[in-house]
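Good morning, everyone, and thank you for making time for this.

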Amino acid sequence: MKKSLENVYEAQIEALQEEIAALQCQQDTNEREIAMNLTGGLMQDALLIMTGHQEMGKRQRDVTAHLKTEIMEMEEDLIRQTKLNGIVLVNCCVKTVEKGNKKMVQQHRLTGHCSFLDFQVEFELTDVQEDTTLVRTITDLNIVMDSTEFKDFSNFVSGVEDKRDLLLFFRTLRRFSDRCEDRRRTFQHFQEKYPCVVSLPGGCRAEAMQIKSPKLAGCALTIYWSIEVTNEGEITPKIDLLTKMPEKALEMDSRKVIENAPDSFQSLLRILGAEASIDTVIQSVAV
């Protein structure tokens, strides 16, 4: 009986040792795949030179020059892409979780920002070789953003995760951040131009701008500028005028000017555009 138990324990130990060796082999494979795939041993030669384990001969000088050129080209390409799409990536991590003859699964994590909007995107990319065709699909997508103040955009992000449409997310993120920047720039402009009349209770990136008359106590107008985003990525700025007047002022408004002000503002928007229409409203209150 004792001999039988020893055999069982030895078999279990051997199985665990084999499993540990397999995991270590997989870890080594994953780490090698993340490294840059340069042909002809260029990376190895470069590392030997930089660590002082190899003297720099003609071939090594060529290796160093080649690497420097590639790095400069990649940096220039990154700068060019950032200017084109406005998206800045600050960190990228890739991990291979499955690799076979015809299938490979990798987990990607991208961290960056577009204007003031920070994001972290995690997705799983599956490559399947079908005859001579490589089929690449995103099988899992998770997006983390601090966009709780943007309800419509948060709903859009949830829809993108369900559809696993990473390209739609980045395209819409750029356009959405541009519209937010338009609003911020406009609000900040009017606050600086009319400091005694205009205030931004939530800051220049918020959706509301308040206009108060310096001579008429209790009279206030609010420009509410929202940015609507559909599940398909369509972006529509929506600007409304809200009025807050004392009851006595409303009673004296026999021509219903205050009551009709929101509709009149919409007519101004269609004719003059956002900035000129808002300026007209502010001047009417300031005077």
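I will go from the whole chain to its sheets, and then to a loop and the aromatic rings.

A word of caution first: this is a predicted model, in which local features need pLDDT of at least 70 and side-chain atom pairs count only at pLDDT 80 or more, while totals for chains, interfaces and linings use all residues. Residues are numbered from 1 along each chain as its sequence is written, and side-chain values use heavy atoms, with hydrogens and water left out.

Let me start with the chain as a whole. Its secondary structure comes to eight helices and eight strands, where helices (H or I, at least four residues) and strands (E, at least two) are DSSP runs, numbered from the N terminus. Of the 287 residues in the chain, 28% are buried; buried means under 20% relative accessible area, exposed over 50%, and partly exposed in between, with a 1.4 Å probe and protein chains only. The accessible surface comes to about 19200 Å², and 53% of that belongs to carbon and sulfur atoms, the areas coming from the Shrake-Rupley method with a 1.4 Å probe, where for residues only the protein chains shown count as cover. Among the contacts with a separation of 6 or more, 41% are between residues 24 or more positions apart, contact meaning heavy atoms within 4.5 Å.

Now to the sheets. Four strands make an open sheet in the order E1-E2-E3-E4, with antiparallel pairing; two strands pair if DSSP finds at least two bridges between them. At the edges are strand E1 (87-99) and strand E4 (133-145), each of which pairs on one side only. Neighbouring strands of this sheet are turned by 20 degrees against each other on average, with direction ignored; axes here are lines fitted to C-alpha atoms, for helices over the stretch in contact, and angles run from 0 to 180 degrees between N-to-C directions.

Strand E3 (residues 117-130) pairs with E4 in the antiparallel sense over 12 bridges. Along this pairing, Asp127 stands opposite Arg136 in E4, and Gln129 stands opposite Leu134 in E4. The hairpin of E3 and E4 has two residues between the strands, and Asp131 there takes a positive phi near 55 degrees. Which helix lies across these strands? It is H5, which lies across E1, strand E2 (103-114), E3 and E4, and runs at about 155 degrees to E3.

Strand E6 (residues 208-212) runs antiparallel to E7 and is joined to it by five bridges, with Ala220 in E7 as the bridge partner of Lys212. E7 also pairs with E8, in the antiparallel sense over 10 bridges, and here Leu241 in E8 is the bridge partner of Ile223. E7 and E8 form a hairpin with five residues between them, and Gly233 in the turn has a positive phi of about 90 degrees.

Pro246 lies in the loop between strand E8 (235-244) and helix H6 (247-252). At 28% relative accessibility, Pro246 counts as partly exposed. Leaving aside neighbours within four places in sequence, Pro246 is in contact with Ala217, Gly218 and Cys219.

Finally, the aromatic rings. How many aromatic pairs does a search of the whole structure find? There are seven aromatic pairs; rings of Phe, Tyr and Trp (its six-membered ring) pair if their centres lie within 6.5 Å, and planes under 30 degrees apart count as stacked, over 60 as edge-to-face and the rest as tilted. One of them is the stacked pair of Phe153 and Phe176, at 4.4 Å centre to centre with 20 degrees between the planes. Because Phe153 lies in helix H4 (residues 151-163) and Phe176 in helix H5 (residues 166-193), this pair ties together parts that are 23 residues apart in sequence. Both Phe153 and Phe176 are buried.

Phe190 and Tyr194 are also stacked, because their ring centres are 6.5 Å apart and their planes are at 20 degrees. Phe190 is buried, with a relative accessible area of 0%, and Tyr194 counts as buried at 14% relative accessibility. Ring pairs also link Phe119, Phe169 and Phe170 into a cluster.
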